[in-house]
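Please go through this structure with me, one question at a time.

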Amino acid sequence: MNTAIAITGTGSTTASGLDAALDALPPPVRARALRVEAISQLVLAAAGAALADADLASADAPPRLDVGVVLGTGVGCFLTNATFQRRFASGGVAAASPRLFAATVSNAAAGELGIAWRLGGPTVTLSAGAASGLAAIGHAAALLDAGEAVAMVAGGMDAAGTALDTWLADGGLPGGIEIAGAAGVLVLETMEAASARGRRVLGTITGHATGFSARGVVATIGRALAAADVVPRDVALVVSGGGTLPADVLGSLGLPEMSTHDAANTFAAAGPLGVMAALAKAPIDAPVLVVGCCPSGHVAALVVRRGGAS
């Protein structure tokens, strides 16, 4: 990376806390959230908290073309697709809801987020299994590093429910995965933009990488560390960003044992929630590695430091 990227806001919500999170939203955003599907509700609530934390929340201003969105999701709109299919199968064309159909694409949540919070910059949705949230943060950092925006809302979300639980139990993914609905969102800014606004910097992203296949885990971690100009012995903490790493990876690289956190089963949300855990646990300015590794083969790694850039 050419420069460190500032983290100026964080926000998260879970399915169990969603009602309270929605109640805290400004009326226009809450009204929109009550009309959309669960995955969009989760991310609207989490992003609202993150934007407020960064002092960038605005639901009625002109669209900000220099503030964008990158979201990661492992299972996307699975629940919406299941509901649409069930209604169509039982009631035919007359039961095919146009409202549901519009939400059967995985980028619907990013679109809802951009509309609700007036974010007119680059808008991207990507999927990398349990590593989706971390991959989204890395992509957002790359966009900022390239000058495509001055701020990005980035994170991951997945919604859970009976239809998804049934599919997973029937062997939809290996490894006995259980998913808890949640969203975790960061506000990222260039250091210049954060400084110009006088915003405190919670942490910085100094390196990131994504990869695929178990054989790519070591290489992905190595590329993230190299981008941050950090060697393994300097890493103060390794935090789970989703999934489970092969047992020998960290030891083979000379890295500390991984620290898990309470939200490690939140799939795409686990990455940003892992970054938040790292910001809470790490010594000031110490490099922390956040790693997500999905049974699907996707890997993402992020190097963060608590506080401003050194």
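Predicted model: local features only at pLDDT ≥ 70, side-chain atom pairs only at ≥ 80, totals over all residues.

Tutor: Residues are numbered from 1 along each chain as its sequence is written, and side-chain values use heavy atoms, with hydrogens and water left out.

Student: How many helices and strands does the protein chain have?

Tutor: Helices (H or I, at least four residues) and strands (E, at least two) are DSSP runs, numbered from the N terminus. On that basis the secondary structure of the protein chain comes to 12 helices and 10 strands.

Student: What is the radius of gyration of the protein chain?

Tutor: The radius is taken over C-alpha atoms, and the globule rule is 2.2 Å times the number of residues to the power 0.38. The C-alpha trace spans about 60 × 45 × 30 Å along its principal axes. For 310 residues a compact globule would come near 19 Å, and the chain agrees with this, at 19 Å.

Student: In what order do the strands of the open sheet run?

Tutor: Two strands pair if DSSP finds at least two bridges between them. The edge strands, each pairing on one side only, are E3 (123–126) and E8 (258–259). The pairing in this sheet of 10 strands is mixed, and the order is E3-E2-E4-E5-E1-E6-E10-E9-E7-E8.

Student: Do E2 and E3 pair in the parallel or the antiparallel sense?

Tutor: Strand E2 covers residues 67–72, and four bridges join E2 to E3. Glycine 72 stands opposite leucine 126 in E3. The sense of the E2 and E3 pairing is parallel.

Student: Over how many bridges do E1 and E5 pair?

Tutor: E1 has pairing with two strands to consider, E5 and E6. With E6 (residues 203–212), the pairing is antiparallel over three bridges, and isoleucine 7 stands opposite glycine 203. On the E5 side, threonine 14 has alanine 182 as its bridge partner. E1 and E5 also pair in the antiparallel sense, and their bridges number nine.

Student: How many of the 10 residues of E1 are buried?

Tutor: Buried means under 20% relative accessible area, exposed over 50%, and partly exposed in between (1.4 Å probe, protein chains only). Over the 310 residues of the protein chain, 53% count as buried. E1 is largely enclosed by the rest of the structure, because its buried residues number seven.

Student: Which residues beyond four places in sequence are in contact with valine 275?

Tutor: Contact means heavy atoms within 4.5 Å. Valine 275 is one of the core members that touch the most others. Leaving aside its neighbours within four places in sequence, its contacts are Ile7, Leu134, Ile137, Leu186, Val290, Leu302 and Val304.

Student: Is glutamine 41 buried or exposed?

Tutor: Glutamine 41 is in helix H3 (residues 38–53). Leaving aside neighbours within four places in sequence, glutamine 41 is in contact with Leu18, Leu22, Ala33, Leu34 and Val36. Its relative accessible area is 14%, so glutamine 41 is buried.

Student: Is valine 93 buried or exposed?

Tutor: Valine 93 sits in the loop between helix H4 (78–91) and helix H5 (98–102). With a relative accessible area of 68%, valine 93 is exposed.

Student: How many disulfides does a search of the whole structure find?

Tutor: A disulfide is a pair of cysteine sulfur atoms within 2.5 Å. The sulfur of cysteine 293 lies 7.7 Å from the closest cysteine sulfur, in cysteine 294, which is too far for a bond. For cysteine 77 the nearest cysteine sulfur, also that of cysteine 294, is 17 Å away. The number of disulfides found in the whole structure is zero.

Methods. Core = buried A, V, L, I, M, F, W, Y, C linked by side-chain atoms within 4.5 Å.
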